Amino acid sequence: MSKKANPTSIGLFLAVGLALGVAGLLLFSSRSLFHPQHKDILYFDATLKGLNPGAPVKFRGVTIGSVVEILIHHNQASNDFSMPVVIAVDTKLAQSKSDQLLQVGDQSSLNQLINQGMRGRLDAESLVTGVLYVGLDIVPNVPSPVFHQLTSEYHEIPTVPTDVQQLLANIAHFDVGGLSDKLNGLLTRLDTSLSQLNVSQINAGVTNLLGAANQLVTTPDLTNSLASLRQTLDQAAALVKRIDARVDPLADSVTNTLYDAQRTLADVRVVVRNVGDLLGPDSAIPSDLKQALEEASNASRAIADLAEFLQRNPNALLTGRKRPKEQP
């Protein structure tokens with residue numbers, strides 16, 4: 001007779017199994033539950049060697065998500081051989097990297113970023129290992145976007161070739177043969193030109209030129225001339241200093257003399273004016289005295305003119321008055 005199963009043990013076993021299942025579900029889906037994600041698709045016109053699911057997705061070097069799936073062909077034309085890659089942008093992670101509200105998943109916001117030049121490309125985590133990641137960046141002066149989806153299943157982000165791809169493309173179009181021919185032709189012409197040069201004659205000419213220059217520099221005449229020029233300059237400097245020391249006192253003396261002459265002339269004018277009053281029509285002074293006083297007045301006027309001329313031209317005491325040029 002078989003032993004009857006204990007209902008309590010069965011219930012306890014089921015409860016433990018259910019708890020473990022819920023715990024496993026929470027463990028493996030905790031990222032999706034607590035970190036909402038938005039999926040996008042990118043089409044790369046290059047090999048995806050080195051890119052694996054779980055690889056990071058970075059916006060200008062900042063991780064905001066990961067690669068979900070790598071496909072060969074998905075929702076594209078039959079003659080379109082671009083490689084589709086589905087990525088997931090972690091909304092909570094991306095928002096934690098910015099102090100502005102990011103509208104992840106909004107098609108209008110994505111279109112605005114695409115119009116501003118946002119593109120996706122493959123970048124290398126390490127040149128040694130060759131591991132790739134998906135990089136998003138704002139590329140200046142980027143060509144118009146190219147989309148591959150036939151029906152709108154995911155939000156599509158256009159891509160651009162990587163720097164390595166562009167380098168390889170430039171190398172592929174590089175005309176190595178033409179460059180080699182041009183270089184060989186240049187070397188041939190250079191060798192011909194050098195062979196036509198008379199090196200010994202050029203060497204002799206340069207040697208003679210250097211010898212003549214050395215002889216000119218060391219000649220006694222040049223040395224004596226330089227010494228004489230130096231002595232002449234020193235004497236001229238001393239002469240200028242002596243002249244400068246004498247001109248200033250002389251100018252001060254001339255200025256003082258002119259000032260005294262002006263004061264004297266002013267006094268003479270007052271005396272002449274007083275004497276003129278005495279020489280009026282009704283004056284009893286003899287005519288000879290009147291004529292003498294008039295001559296004295298004319299002399300004082302001439303002295304006044306001389307004083308004003310010397311005041312305007314103090315150098316005339318040293319250089320004399322310039323003679324007027326003769327008319328032809």
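**View 1. Arginine 60 is found in the loop between β2 and β3**. The model is predicted; local features are given at pLDDT of at least 70 and side-chain atom pairs at pLDDT 80 or more, whereas totals for chains, interfaces and linings use all residues. Residues are numbered from 1 along each chain as its sequence is written, and side-chain values use heavy atoms, with hydrogens and water left out. Helices and strands are DSSP runs numbered from the N terminus (helices: H or I, at least four residues; strands: E, at least two). The phi angle of arginine 60 is near 55°, a positive value in a residue other than glycine. Most residues other than glycine have a negative phi. Arginine 60 is exposed, at 54% relative accessibility (buried is under 20% relative accessible area, exposed over 50%, partly exposed in between, with a 1.4 Å probe and protein chains only).

**View 2. Arg60, Arg121 and Asp137 are linked in a network of salt bridges**. A salt bridge is a side-chain nitrogen of Lys or Arg within 4 Å of a carboxyl oxygen of Asp or Glu, and by this rule the model has 3 salt bridges. Aspartate 137 meets arginine 60 at 2.6 Å, N to O. This pair joins distant parts of the chain, with aspartate 137 in strand β6 and arginine 60 in the loop between β2 and β3, 77 residues apart. Aspartate 137 also meets arginine 121, at 3.6 Å, N to O. Here the partners sit in strands β5 (arginine 121) and β6 (aspartate 137), 16 residues apart. Aspartate 137 counts as buried because its relative accessibility is 18%, whereas arginine 60 is exposed at 54%.

**View 3. Lysine 58 and glutamate 125 form a salt bridge**. The N to O distance between their side chains is 3.4 Å. Lysine 58 lies in strand β2 (residues 56–59) and glutamate 125 in the loop between β5 (118–124) and β6, so that the pair links distant parts of the chain, 67 residues apart. Lysine 58 is buried, with a relative accessible area of 15%. Glutamate 125 is partly exposed, at 37%.

**View 4. Glutamate 156 is buried yet has no salt bridge**. This residue is in strand β7 (residues 155–156). The nearest side chain of opposite charge is arginine 119, 10 Å away (Lys and Arg count as positive, Asp and Glu as negative; His and the chain ends are not counted). The glutamate 156 side chain makes polar contacts with backbone nitrogens instead: that of histidine 148 at 2.8 Å and that of glutamine 149 at 3.2 Å. A polar contact is a pair of N or O atoms within 3.5 Å; within protein, one must be able to donate a hydrogen and the other to accept it, and residues adjacent in sequence count only if both atoms are side-chain atoms.

**View 5. The largest pocket has a volume of about 690 Å³**. Its lining has 26 residues, and the closest to the pocket centre are Phe59, Leu102, Val104, Leu113 and Met118. Two or more lining residues come from each of β1 (37–44), β3 (62–70), α3 (107–115) and β6 (132–138). Helix α3 gives the largest share, 4 residues. By class, the lining has 14 nonpolar, 9 polar and 3 charged residues (nonpolar: Ala, Val, Leu, Ile, Met, Phe, Trp, Tyr, Cys and Pro; charged: Asp, Glu, Lys and Arg; polar: the others, Gly among them). On a 1 Å grid over the protein atoms alone, a pocket is an open set of points where a 1.4 Å probe fits, with protein on both sides within 12 Å along at least five of seven lines, and lining residues have an atom within 4 Å of a point. Grid points are joined across faces, edges and corners, and the volume is the space filled by probe spheres set on the points.

**View 6. Asparagine 141 is in the loop between β6 and β7**. Its phi is near 55°, a positive value in a residue other than glycine. Asparagine 141 is exposed, with a relative accessible area of 81%.

View 7. Isoleucine 138 lies in strand β6 and is partly exposed, at 23% relative accessibility. Threonine 162 lies in the loop between β7 and α4 (163–172) and is buried, with a relative accessible area of 9%.
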